[in-house]
There are 2 protein chains.
Amino acid sequence: MGERSLLNQLIDALRCLPGVGPKSARRIAFYLLERDRDGGAQLARVMAEAMVAIRRCTRCRTLTEHDLCALCANPQRDAALLCIVEQPSEVVALEQATDYRGQYFVLGGRLSPLDGIGPDELGLNMLETRLRDEAITEIILAISPTVEGRATAQLITERAARYGIRVTRIAQGVPLGGELEYLDSGTLALAFAGRRDVV
Amino acid sequence: MGERSLLNQLIDALRCLPGVGPKSARRIAFYLLERDRDGGAQLARVMAEAMVAIRRCTRCRTLTEHDLCALCANPQRDAALLCIVEQPSEVVALEQATDYRGQYFVLGGRLSPLDGIGPDELGLNMLETRLRDEAITEIILAISPTVEGRATAQLITERAARYGIRVTRIAQGVPLGGELEYLDSGTLALAFAGRRDVV
Ligand SMILES: [Zn+2]
Ligand SMILES: [Zn+2]
């Protein structure tokens, strides 16, 4: 089987998936070819489009193929509540786990000066514009309780204070140092419901 | 996030991959979108082509985008040796693990009358044509040592006997009831080198 065969190209290309080594890639390639070509073809179509068309929402910075994501474009969402998360995946997780009906803002990371991640990289100017111009009454911090996460939360709390906005953070059930993305839905829902004021 | 968003379509489509549930699909989608769009786009291109273009080799029944696979088309492969495997993935595994330089034949399964898998489904007529017409001196059975695999090997051994062809099977290191596909390379190489005549 020459190195350039389409099958080998497929096996190589599958290794871009997280956690997929040479053996898993081979197994996936044969599984699709022998048992689910329709699924593979559909995945290829959607993936090709997604890699090109999905960008950041111009308002909340989550991932979307539109200028405004479906949440920002939805007039039924409560404009007084703004939940701040680190990653777009956490927006999806919170939407699935909770009955929250407010808005979101996606930082895209945590403050980490040594890695070159400062307020600009996290969109804090964009956030402050929203705090100033919109009728936000509560900011809900859904940020991982790590050292960097706490520093990030602290900075946001200071900015919110300039506009007299209440700041809460999700609390109950988030394990110390835990990543929100890997929490089960039940724990995440509890944590969200149990949010409390930041002192 | 509406059910129809491109992001949700991508997450849904990723579930066609073996062993990928809703959480893994979400994780993979965000990984590709945030960290490896080039890899994702390349995978989409290759996968789209592979799902359409890859068919069975008309001679050995392995997967290939050509009429004849690279192995069948290679005049340097020893035409006197024919290794018989169950699945195309095992051709790849043997090529990587051993220095075998003969030909292959892919059954596509094991005899299983209750599942409607008989000699026709395994291409045994096609195999017998090769046994009759080609200068094959040894058949190497690389078939999983399960009950159905043994029945399959038995049937092939009977057919080979009609043409006076020696039949060996790979032996050392294949665990009882084990699937060849999941063997490590070293064990597979040992088993291949340690093949012996079928009584
Ligand atoms: Zn948005
Ligand atoms: Zn072939």
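A salt bridge joins the side chains of Glu95(A) and Arg77(A), with an N to O distance of 2.8 Å. Glu95(A) belongs to helix α4 of chain A, whereas Arg77(A) sits in the loop between β2 (63-64) and β3 (78-85) of chain A, so the pair ties together parts that are 18 residues apart in sequence. The model is a predicted one. Over all chains, the search of the whole structure returns 20 salt bridges.

Chain A contains seven helices and seven strands. Their order along the sequence of chain A is α-α-α-β-β-β-α-β-α-β-α-β-α-β. The C-alpha trace of chain A extends over about 65 × 35 × 35 Å along its principal axes.

The size of an interface is often expressed as the accessible area lost when the parts come together. For chain A and chain B, the area buried between them is about 5200 Å², and 71% of it lies on carbon and sulfur atoms. The contact involves 56 residues from chain A and 56 residues from chain B. Two salt bridges are found across the interface of chain A and chain B. A salt bridge links the side chains of Glu34(A) and Arg56(B), at 3.1 Å from N to O. Polar contacts between chain A and chain B amount to ten residue pairs, with both residues at pLDDT 80 or more.

On the side of chain A that touches chain B, at least two residues each are supplied by α1 (6-14), α2 (22-35), α3 (37-53), β1 (55-56) and α4 (88-97) of chain A. The element that gives the most to this side is α3(A), with 14 residues. By class, the residues of the side of chain A that touches chain B comprise 33 nonpolar, ten polar and 13 charged.

The volume of the largest pocket is about 480 Å³. Its lining consists of 21 residues, and those nearest the centre of the pocket are Glu34(A), Arg35(A), Gln87(B), Ser89(B) and Glu181(B). Two or more lining residues come from each of α2 of chain A and α4 (88-97) of chain B. Helix α2(A) provides the largest share of the lining, five residues. The lining of the largest pocket is made up of eleven charged, five polar and five nonpolar residues.

Definitions and conventions. Residues are numbered from 1 along each chain as its sequence is written. Chains are lettered from A and ligands numbered from 1 in the order in which they are written. This is a predicted model: local features need pLDDT of at least 70, side-chain atom pairs count only at pLDDT 80 or more; totals for chains, interfaces and linings use all residues. Side-chain values use heavy atoms; hydrogens and water are left out. Contact means heavy atoms within 4.5 Å. Buried area is the accessible area (1.4 Å probe) that two parts lose on being put together, summed over both. A salt bridge is a side-chain nitrogen of Lys or Arg within 4 Å of a carboxyl oxygen of Asp or Glu. A polar contact is a pair of N or O atoms within 3.5 Å; within protein, one must be able to donate a hydrogen and the other to accept it, and residues adjacent in sequence count only if both atoms are side-chain atoms. Helices (H or I, at least four residues) and strands (E, at least two) are DSSP runs, numbered from the N terminus. Ala, Val, Leu, Ile, Met, Phe, Trp, Tyr, Cys and Pro count as nonpolar, Asp, Glu, Lys and Arg as charged, and the others, Gly among them, as polar. On a 1 Å grid over the protein atoms alone, a cavity is a set of points where a 1.4 Å probe fits but cannot get out, and a pocket is an open set with protein on both sides within 12 Å along at least five of seven lines; lining residues have an atom within 4 Å of a point. Grid points are joined across faces, edges and corners, and a volume is the space filled by probe spheres set on the points.
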